[in-house]
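This briefing is written for reading beside the sequence and the model.

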Amino acid sequence: MLKFDWNALFVLINLIVFFLLMKKFLFGRIAKVIDERRNIVNQELDEARKTNAEADEKLANYELKISNYQAEGNQIIADARDSAKAEYDKIIDKAETDAEQIRTDAREKMRAEAETARKAAREEIASLAMQAAEKVVGANVSASTDSAIFDEFLKESSDD
């Protein structure tokens with residue numbers, strides 16, 4: 001037959017009482033601590049997600065600013081190149097204008113010198129013609145006659 005052991009009954013009752021005491025005093029507090037920890041972890045995760053989202057937003061803003069600065073830098077470089085090209089063209093145009101002016105002045109100076117040389121040559125030729133005429137005529141003609149012949153010769157040679 002089965003024998004009933006009273007010790008096993010007391011052990012079972014002690015276990016039930018111990019379990020109920022643990023449930024009342026310990027499990028509630030443990031569950032509370034676990035819930036608090038869970039809430040803290042969830043808050044920290046939320047803060048981490050929020051911080052990560054803010055960091056991503058700042059990164060996007062910085063990348064946008066960097067691209068804007070790069071575009072602005074490229075525009076400044078292009079403007080500087082255009083300005084330099086315009087200045088270069090202006091300098092070249094001025095140099096060409098100055099060179100043309102120098103050539104024009106030189107041509108005018110050459111014309112003036114040629115005209116002066118022609119006049120000097122005419123006067124020399126007239127003087128030589130007068131000397132030849134004196135030799136041919138054999139006598140010295142008066143100054144007024146020399147002057148009239150000289151003027152006539154110059155008039156004829158300038159008409160040619």
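In this predicted model, R38 and D35 are 3 residues apart in helix α1, which spans residues 6-137, so about one helical turn separates the two. The side chains of R38 and D35 meet in a salt bridge, with a distance of 3.0 Å from N to O. In general terms, side chains of opposite charge can pair when their charged atoms come close.

**Exposure of the R38 and D35 pair**

- R38 has a relative accessibility of 46% and therefore counts as partly exposed, since that class lies between the cut-offs of 20% and 50%.
- D35, the partner of R38 in the salt bridge, also falls in the partly exposed class, because its relative accessibility is 37%.

- K85 and D89 are both found in helix α1, where a spacing of 4 residues amounts to about one turn of the helix, and their side chains form a salt bridge at 3.1 Å from N to O.
- With a relative accessible area of 48%, K85 is partly exposed, and D89, with a relative accessible area of 30%, is likewise partly exposed.
- K94 and D98 also lie in helix α1, 4 residues apart, or about one turn of the helix, and in the salt bridge between K94 and D98 the closest N and O atoms are 3.2 Å apart.
- Counted over the model, the salt bridges come to 8, among them the pairs R38 with D35, K85 with D89 and K94 with D98.

**Aromatic rings**

- K24 is placed over the face of F25, at a distance of 5.9 Å from the ring centre.
- Where aromatic rings are set against one another, the count comes to 1 aromatic pair.

**The chain as a whole**

- The secondary structure of the chain consists of 2 helices and 0 strands, and helix α1, at residues 6-137, is one of these helices.
- Of the 160 residues in the chain, buried residues make up 2%, where a residue counts as buried if its relative accessible area is under 20%.
- The chain has an accessible surface of about 14,300 Å², and carbon and sulfur atoms account for 60% of that surface.

Methods: Residues are numbered from 1 along each chain as its sequence is written. This is a predicted model: local features need pLDDT of at least 70, side-chain atom pairs count only at pLDDT 80 or more; totals for chains, interfaces and linings use all residues. Side-chain values use heavy atoms; hydrogens and water are left out. Rings of Phe, Tyr and Trp (its six-membered ring) pair if their centres lie within 6.5 Å; planes under 30 degrees apart count as stacked, over 60 as edge-to-face and the rest as tilted. A charge sits over a ring if NZ of Lys or CZ of Arg is within 6 Å of the ring centre and within 35 degrees of the ring normal. Buried means under 20% relative accessible area, exposed over 50%, partly exposed in between (1.4 Å probe, protein chains only). Accessible areas come from the Shrake-Rupley method with a 1.4 Å probe; for residues, only the protein chains shown count as cover. A salt bridge is a side-chain nitrogen of Lys or Arg within 4 Å of a carboxyl oxygen of Asp or Glu.
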